[in-house]
Amino acid sequence: MSQVSSVLILLDLSAVFDTVNHKTLLFALRNLGIRGASWEWFAFYLDGHSYQITWRGWTSAPCRLSTSVPQGSVLGPLLFSLYTHSLGKVISSHVFPDRCYADDTQLIFSFSPSDNTAAAQISACLVDISSWMMAIQLNLRKTELLVIPGDSSPGQDLAISLNNSLICPSATARNLGVDCPTMDNQLSFSSHVTNVLRSCQFLLYNIRRIQPFLSTQAAQVFVQSLVISRLDSCSSLLAGLPLNAIHPLQMIQNAAV
């Protein structure tokens with residue numbers, strides 16, 4: 001165990017791609033040094049979008065969009081990251097390391113188990129983030145707080161009250177940043193192993209049912225693409241775990257073979 005405790009804060013944002021204001025985005029691009037023909041290209045790309053509602057054969061008049069970036073596009077996540085570039089300054093002012101990609105924002109804070117100001121520091125940072133995100137809509141109800149206690153930690157109460165919402169520490173949390181469905185506060189990854197085990201067992205069961213109708217090569221492709229790929233995903237996170245913790249995954253690999 002570490003001599004310090006750590007907190008992983010996983011921010012949840014609501015309808016983020018729909019709330020990107022075009023004027024604010026273009027202003028941010030200009031401040032980042034994108035000007036001239038390149039800036040005009042982005043302005044042309046964002047301009048002219050509209051939406052209509054069709055119901056029972058009736059269609060509304062077009063309504064011009066002043067917000068949103070096209071979802072499913074290659075530029076969508078990039079433009080959102082540029083749009084929220086200044087958020088990094090807000091977070092760094094509280095000396096919190098952060099990891100951001102598109103709408104996936106995570107904060108990491110480490111502190112001594114004897115430090116009684118941790119909850120206040122986290123709360124102050126979240127207040128500033130919430131103020132910055134007024135337009136993007138920070139969803140506090142789905143924001144998760146994962147406390148990883150240090151060695152001999154007294155177990156502080158790190159429940160954070162913000163904007164009439166209470167963020168309580170969770171035993172597990174979904175961490176999309178490492179493509180890992182669930183992390184637990186002991187870093188045992190037991191929930192992750194259980195989820196992988198269940199999905200692989202289900203897939204192997206179905207492959208086994210259709211195996212008489214498959215060639216050896218086709219069966220191999222199914223197993224490698226559906227089962228082995230799941231076993232390999234985030235496998236580096238399991239390094240150092242006791243053998244009994246990863247034994248179920250070894251059994252799945254043996255069954256796949």
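1. His 22 counts as buried, at 10% relative accessibility. Buried means under 20% relative accessible area, exposed over 50%, and partly exposed in between, with a 1.4 Å probe and protein chains only. His 22 sits in helix H1. Helices (H or I, at least four residues) and strands (E, at least two) are DSSP runs, numbered from the N terminus. Leaving out residues up to four places away in sequence, His 22 touches Leu 46, Leu 65, Ser 66, Thr 67 and Ser 68. Contact here means heavy atoms within 4.5 Å.

2. A word on the basis. This is a predicted model, in which local features need pLDDT of at least 70 and side-chain atom pairs count only at pLDDT 80 or more, while totals for chains, interfaces and linings use all residues. Residues are numbered from 1 along each chain as its sequence is written, and side-chain values use heavy atoms, with hydrogens and water left out.

3. Which residues of H1 are buried? In this helix, residues 22–31, they are His 22, Leu 25, Leu 26, Ala 28 and Leu 29. They lie on the same side of H1, because they cover an arc of only 160 degrees around the axis. The arc is that of the directions from the helix axis to the C-beta atoms. An α-helix has 3.6 residues a turn, so residues three or four places apart point the same way. Lys 23, Phe 27 and Asn 31 are exposed on the other side of H1. The cover over the buried residues of H1 includes helix H2 (36–46) and helix H3 (75–83).

4. Now the two ends of H1. At the start, a side-chain oxygen of Asn 21 comes to within 3.0 Å of the backbone nitrogen of Lys 23. This is a polar contact: a pair of N or O atoms within 3.5 Å; within protein, one must be able to donate a hydrogen and the other to accept it, and residues adjacent in sequence count only if both atoms are side-chain atoms. Gly 33 follows H1, and its phi is positive, near 95 degrees.

5. Ser 68 has a positive phi, near 90 degrees. It lies in the loop between strand E5 (63–64) and H3. Ser 68 is buried, at a relative accessible area of 15%. Phe 189 also has a positive phi, near 55 degrees. Its loop runs between strand E12 (180–184) and helix H6 (190–210). Phe 189 is buried, at 7% relative accessible area.

6. Asp 184 is in strand E12 and counts as buried, at 6% relative accessibility. Its side chain reaches the backbone nitrogen of Gln 186 at 3.0 Å. Neighbours within four places aside, Asp 184 contacts Leu 146, Ala 171, Thr 172, Phe 189 and Ser 190.

7. How many salt bridges does the structure hold? It holds one. A salt bridge is a side-chain nitrogen of Lys or Arg within 4 Å of a carboxyl oxygen of Asp or Glu. The partners are Arg 64 and Asp 47, at 2.2 Å, N to O. This pair links distant parts of the chain, 17 residues apart: Arg 64 is in strand E5, and Asp 47 is in the loop between H2 and strand E2 (50–51). Arg 64 counts as exposed, at 57% relative accessibility. Asp 47 is partly exposed, at 46%.

8. The largest nonpolar core has 40 residues, of which Ile 9, Leu 126 and Ile 129 touch the most other members. Helix H5 (residues 118–132) gives the most to this core, with five residues. A nonpolar core is a set of buried Ala, Val, Leu, Ile, Met, Phe, Trp, Tyr and Cys residues joined through side-chain atoms within 4.5 Å. Beyond four places in sequence, the contacts of Ile 9 include Phe 96, Leu 107, Ile 122, Leu 126 and Leu 145. Another core, of 20 residues, lies apart from the largest one, with Leu 8, Ile 207, Val 223 and Leu 238 among its members.

9. Strand E8 (residues 144–148) is mostly covered, with four of its five residues buried. Strand E1 (residues 5–11) pairs with E8 in the antiparallel sense over five bridges. Two strands pair if DSSP finds at least two bridges between them. Val 7 stands opposite Val 147 in E8.
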